[in-house]
Amino acid sequence: MADGAAPLSAARGRDRLSALSDDLLHKIITQHLPVTEAARTAALASRWRHLWSSTPLVLRDAALPELARDALVPRVLAEHPGHFRTVILHDCRLASLDRELPGWPLVLARKDTQQLDLLPNQVDTFPCIPEGILRCGTLKELSLGYWAFPVDLSRGANISLPDLRSLTLIMVVISDQDLEHLVATCPALKTLHLSSKGPTHVRLRSPSLQCALVGLWMVEDLAVVDAPLLERLVLFLPPRYDGVVRVKIIGHAANLRVLGHLDTRVHRLQIGDIVIQRNTMASTSAVIPRVKILAVTVNFDVLSEVRTLASFLRCFPNVDTLHIESAVHGFSVAANEPSGELHARFWEEVSLVECLRSHVRKMVIHKFRGDHNEFQFLKFVAINAQELQSLHVVLQQENTSSTDDKVNETEDNLQSLSFRTGIFGVLLVRPTAGFTSILQKATDLTSDDPFRF
């Protein structure tokens with residue numbers, strides 16, 4: 001930008017860029033220039049001198065020259081005279097920041113920082129999070145990764161995050177009680193993303209929380225205790241997870257309308273005082289009637305999981321959009337499974353599944369393979385679903401090719417199904433969505449369906 005200052009004047013001698021309003025120039029400085037170039041705009045002309053100092057700082061350390069990064073970050077934080085809008089520190093060495101700018105968390109607090117991301121890419125240990133971060137009262141978004149929270153945070157720490165809307169905790173060390181306390185002391189919190197080394201027991205208690213994304217790396221027990229505004233609960237598991245996780249909806253969650261993925265192999269669902277078993281029948285005390293969008297992961301080759309699927313579906317009688325992810329857990333899991341005839345007989349004899357019969361209007365089967373037991377489920381849907389308006393069956397692009405006979409066979413089998421509503425299933429081939437894409441959709445509260453393909 002500095003090198004191009006001379007030719008900025010138009011042919012008639014007018015500096016058209018400087019003629020723009022302050023608001024537009026602030027956007028140019030913060031959104032289109034690295035912080036080092038943004039600082040140099042003060043030297044362009046008198047019109048620009050106040051802009052840098054009056055523009056809220058947007059600092060992304062990855063945009064700084066790598067060799068100078070450790071020196072530039074503390075210098076920028078110390079010397080910028082205005083407020084801080086966004087500070088994202090992923091690549092600088094925090095030990096260097098501590099050395100060059102002691103008390104930098106207090107600087108962030110004094111400068112009214114609104115968004116702070118502290119997710120270092122290189123960590124050997126989990127340092128203790130500076131307490132000043134938890135007293136940065138102007139923060140609206142806070143993301144922390146690879147930190148340890150103070151011991152007994154719930155007893156002695158002074159937490160002041162009155163305006164915090166979004167909290168992300170990635171692989172942090174925090175106790176069960178301290179996490180519950182931290183969430184409860186954020187009165188404006190709307191979105192929580194937890195993917196952590198702890199705690200093992202997560203209890204969601206918040207008067208303001210609307211969306212919770214919980215990665216169940218170490219979690220044994222997830223309970224929604226009191227979250228009256230919670231609309232969206234998204235669960236995800238690490239690859240090849242072999243544990244058991246209890247998912248409990250035991251308290252006030254009257255607004256919960258999006259839930260998934262429930263995993264028929266891993267999750268043990270509890271609603272109120274009732275633990276949902278493989279043969280649990282419909283009951284007014286074991287349903288969540290407000291859920292409209294549900295996602296379930298199931299291995300159709302494992303009969304116990306198929307039975308659990310039916311039990312899960314009975315708990316959500318008013319679902320209108322149903323996502324089913326067809327999972328494969330390895331040959332050893334299904335080695336001693338009953339024959340396909342027993343799977344077919346189960347769907348012929350299974351008792352009423354209210355949501356499928358009377359409410360589901362849209363269904364998506366993800367990671368479909370075209371196996372016999374998957375089609376047994378689709379036959380059940382075709383016969384029983386009275387409101388179904390669309391069915392999309394999605395094959396993974398990585399497992400198919402344009403000449404793949406399996407695709408053609410699956411298409412033929414799908415078209416042979418006769419649905420009560422007169423629809424035809426639509427076969428799609430899509431690449432598997434990346435984890436980042438899944439998270440973005442899940443936290444986008446403007447989108448009704450976070451599981452859409």
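Start by selecting cysteine 315 and cysteine 355: the sulfur of cysteine 315 has its closest cysteine sulfur in cysteine 355, yet the two are 9.7 Å apart, too far for a bond. This is a predicted model, so a disulfide here means a pair of cysteine sulfur atoms within 2.5 Å. By that rule the count comes to zero disulfides. Seen from the other end, cysteine 355 is in no disulfide either, and the nearest cysteine sulfur is that of cysteine 315.

Are they buried or exposed? Cysteine 315 counts as buried, at 2% relative accessibility, and cysteine 355 is buried as well, with a relative accessible area of 0%.

Next, go to the backbone. Most residues other than glycine have a negative phi, and most peptide bonds are trans.

Select tyrosine 146, which is not a glycine but has a positive phi of about 65°. You will find tyrosine 146 in the loop that runs between β4 (141-145) and α7 (153-156). Its relative accessibility is 30%, so tyrosine 146 counts as partly exposed.

Now move along to methionine 171. Here phi is positive too, at about 50°, although methionine 171 is not a glycine. The setting is again a loop, between β5 (166-170) and α8 (176-184).

For the last stop, select glycine 260 and histidine 261 together. Which kind of peptide bond joins them? The bond is cis, with omega about -10°. Histidine 261 belongs to strand β12, which covers residues 258-263.

Technical notes: Residues are numbered from 1 along each chain as its sequence is written. This is a predicted model: local features need pLDDT of at least 70, side-chain atom pairs count only at pLDDT 80 or more; totals for chains, interfaces and linings use all residues. Side-chain values use heavy atoms; hydrogens and water are left out. Helices (H or I, at least four residues) and strands (E, at least two) are DSSP runs, numbered from the N terminus. Buried means under 20% relative accessible area, exposed over 50%, partly exposed in between (1.4 Å probe, protein chains only).
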